[in-house]
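Thank you for making the time this morning.

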Amino acid sequence: MKERKDNLMGFERPNTSPNSGAMVGLKPPQIDIHEKGSALEVVLITGLDFQFMFNETIRVLHEEGAEIVNASFSVVDDTVFHTIHAQVEGPVLGHGAARISERLKKFVF
């Protein structure tokens with residue numbers, strides 16, 4: 001099922017057949033989530049082919065009631081570094097922040 005999901009989302013699995021000589025494919029995205037009080041920092045590292053993941057990350061944050069305070073990105077070679085600062089309050093604070101982290105990690109992996 002994971003392979004099917006990856007195919008539908010446009011991920012390519014590395015080609016590691018003995019005849020290939022080298023691995024061909026895309027680096028999987030990485031996500032780090034840091035929670036400090038009511039502040040949430042999401043660092044998303046993707047390749048150029050995974051720009052849709054930024055939009056999906058913002059969508060998940062909004063669905064969970066987080067308010068986006070700042071979002072930025074930088075591109076180095078073929079890697080995009082996204083940083084999103086969000087504020088979580090009220091019923092979202094506490095267990096909600098853990099739920100946001102879990103949803104984002106499931107989305108990426």
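**The sheet and its surroundings**

What you have on the screen is a predicted model, and I will start with its open sheet, in which four strands follow the order S1-S2-S4-S3 with antiparallel pairing. At the edges we find strand S1, residues 30–36, and strand S3, residues 67–76, each of which pairs on one side only. If we ignore the direction, neighbouring strands of this sheet are turned against each other by 15° on average.

Let me place the sheet in the chain as a whole. The chain has three helices and four strands, and, when we read along the sequence, these elements follow the pattern α-β-β-α-β-β-α. The chain has 109 residues, of which 31% count as buried, and it exposes about 7000 Å², with carbon and sulfur atoms supplying 55% of that area. As for the contacts between residues at least 6 apart in sequence, 54% of them join residues at least 24 apart.

Now to the pairings, strand by strand. S1 is joined to strand S2, residues 39–47, by seven bridges, and the two run antiparallel. Within that pairing, isoleucine 33 stands opposite valine 42 in S2, while isoleucine 31 has leucine 44 of S2 as its bridge partner. The two strands form a hairpin with two residues between them, and glycine 37, which sits in the turn, has a positive phi of about 65°.

On to S2 and S4, which are joined by nine bridges and again run antiparallel; here glutamate 41 stands opposite histidine 85 in S4. Is S2 enclosed by the rest of the structure, or is it open? Seven of its nine residues are buried, and therefore S2 is largely enclosed by the rest of the structure.

When we leave aside the neighbours within four places in sequence, threonine 83 is in contact with Glu41, Val42, Asn70, Ala71 and Ser72. Two of these names have come up already: glutamate 41 as the residue opposite histidine 85, and valine 42 as the residue opposite isoleucine 33.

Last, the aromatic side chains. How many aromatic pairs does the structure hold? It holds one, and it is made by phenylalanine 50 and phenylalanine 52, whose ring centres are 6.4 Å apart and whose planes stand at 45°, so the pair is tilted. For anyone who wants the reasoning, planes under 30 degrees apart would count as stacked and those over 60 as edge-to-face, with the rest counted as tilted. As to burial, phenylalanine 50 has a relative accessible area of 2% and is therefore buried, whereas phenylalanine 52, with a relative accessible area of 28%, is partly exposed.

I will stop there, and I am happy to take questions.

Terms used
Residues are numbered from 1 along each chain as its sequence is written. This is a predicted model: local features need pLDDT of at least 70, side-chain atom pairs count only at pLDDT 80 or more; totals for chains, interfaces and linings use all residues. Side-chain values use heavy atoms; hydrogens and water are left out. Rings of Phe, Tyr and Trp (its six-membered ring) pair if their centres lie within 6.5 Å; planes under 30 degrees apart count as stacked, over 60 as edge-to-face and the rest as tilted. Buried means under 20% relative accessible area, exposed over 50%, partly exposed in between (1.4 Å probe, protein chains only). Two strands pair if DSSP finds at least two bridges between them. Axes are lines fitted to C-alpha atoms, for helices over the stretch in contact, and angles run from 0 to 180 degrees between N-to-C directions. Contact means heavy atoms within 4.5 Å. Accessible areas come from the Shrake-Rupley method with a 1.4 Å probe; for residues, only the protein chains shown count as cover.
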